[in-house]
Amino acid sequence: MKILLSAYACEPNKGSEPGVGWSWAIELAKHHEVWVLTRDNNEPTITDYLKKNPEYKNDNLHFIYVGLSRKLTFWEKGRRGMRLFYMMWQRKALKVAKEWHSKIHFDLVQHVTFVSYTQPSYMYKLGIPLIWGTVSGGENIPSEIKIEMTTKERLIEAVRKLSQTTALVTPSIRKAMKSAKAILVATEETKAMIPEKYQSKTRVVPAIGLEKMPDVQRIERNDSKVKIVMAGRLIYWKAFDIGLKAFLQVADKHPNAELHILGEGNQKPALQKLAEEHLNKQVFFDPPVQHDKIFEYYSQFDLFVNTTLRDSGCMTMMEAMSIGLPCIAIAAGGPKILLGENSEGCINAISYDYCISALAEKLGTLINNPSILKELSIQQSQHIEDSCLMSRKVHSMSDIYT
């Protein structure tokens, strides 16, 4: 098939949105002829990567770079003005897509980034079958979990919930939902946001995925330590304080246990203060690790803890599970999907205090029972191989494309 892939964000060796666009492009091109519609500032990175990694070159893979005049968008920098810039880019991308469609005659178009149902996609105007997604954006901090937030953070959450509601009455988004032959969503929470009349063509498909299972073995240590790791941005809705408080409840009883926190963010000073008595004794804040070294970093640990409350994907957790590093997580959003049927790794989102106490209890049990950790390791890595490899994900999409 000739597929047009709308991937505003698309870059190799990146996580989050750029990684999603890149992984879909690379894997689809193994089975179909693919034209990737992406932002022009991705061109240097993509060109350089393909030059240095010729194994990724594929005659089926084509890139169409679309940019906007700096005279009109001089104000756009980083995340400032990103939404408005993206809407303007979508309009320009549609015009370019129509020009290419007149020459190539695409069989279908799939929108993959931005990965949010609250952001417009105008690709439905091409008049060819549209696959919309995978999209997310319906995830919220569970109302049962009351975390401390600043006034600014509460405003962010309020605006987020407002955008979820207004998206459903935004003409371009409503038309995209109506026109789409299939709607792919990353989580059950986002699926619940899709209007009932479109539920029959909606299915849950994680946006993120792995190109292959990493060829990295976890280090077999000869010491008696139990090393636990948490990784990600140290921001309020990642709720690292839940994991840290849970660990501190069991730290004194288990002097052989260590908690390592990898990440940067505005919550770091507060977390360091919270861990003050155990800092650099049982609690460590590790220096940044380059993404291509992350599997080697994870290989030294015995357990991964994830407390994020509204993540649609959670690549850090997927990467950890893929090398057999067992994970426990709060069962919300993407992490809940990643855990699958494995209830042993789930902490139910009942309340803030419950999450801390339940996690502390589970940590105590796992620290004392390496055999349970080993069993979790086997089950979870197999689940990732079965459900999160991009090759299997694309293969499962074949019936939709047909």
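**Rings, charges and a sheet**

User: How far from the ring centre of Phe301 is the charged end of Lys227?
Analyst: The charged end of Lys227 sits over the Phe301 ring. "Over" here needs NZ of Lys or CZ of Arg within 6 Å of the ring centre and within 35 degrees of the ring normal. The distance from the ring centre is 5.3 Å.

User: What kind of model is this, and which atoms do the side-chain values use?
Analyst: It's a predicted model, where local features need pLDDT of at least 70, side-chain atom pairs count only at pLDDT 80 or more, and totals for chains, interfaces and linings use all residues. Residues are numbered from 1 along each chain as its sequence is written, hydrogens and water are left out, and side-chain values use heavy atoms.

User: Which residue lies over the face of Trp237?
Analyst: This is another charge-over-ring case. The distance to the ring centre is 4.3 Å, and the residue is Arg310.

User: Why is the pair of Tyr49 and Tyr56 called tilted?
Analyst: Rings of Phe, Tyr and Trp (its six-membered ring) pair if their centres lie within 6.5 Å; planes under 30 degrees apart are stacked, over 60 edge-to-face, the rest tilted. That rule gives 12 aromatic pairs. For Tyr49 and Tyr56 the centres are 5.4 Å apart, and the pair is tilted because the planes stand at 50 degrees.

User: Is Tyr56 buried or exposed?
Analyst: Buried means under 20% relative accessible area, exposed over 50%, and partly exposed in between (1.4 Å probe, protein chains only). Tyr56 has 16%, so it is buried.

User: What is the angle between the planes of Phe63 and Tyr65?
Analyst: Phe63 is buried at 17%, while Tyr65 is partly exposed at 24%. Their rings are 6.0 Å centre to centre and stacked, with the planes apart by 15 degrees.

User: In what order do the seven strands of the open sheet come?
Analyst: Strands (E, at least two residues) and helices (H or I, at least four) are DSSP runs numbered from the N terminus, and two strands pair if DSSP finds at least two bridges between them. Here the pairing is parallel, and the order is 3-2-1-4-5-6-7.

User: Which are the edge strands?
Analyst: An edge strand here pairs on one side only. Strand 7 is joined to strand 6 (residues 182-185) by three bridges, and Ile183 stands opposite Thr202. The edges are strand 3 (61-66) and strand 7 (202-204).
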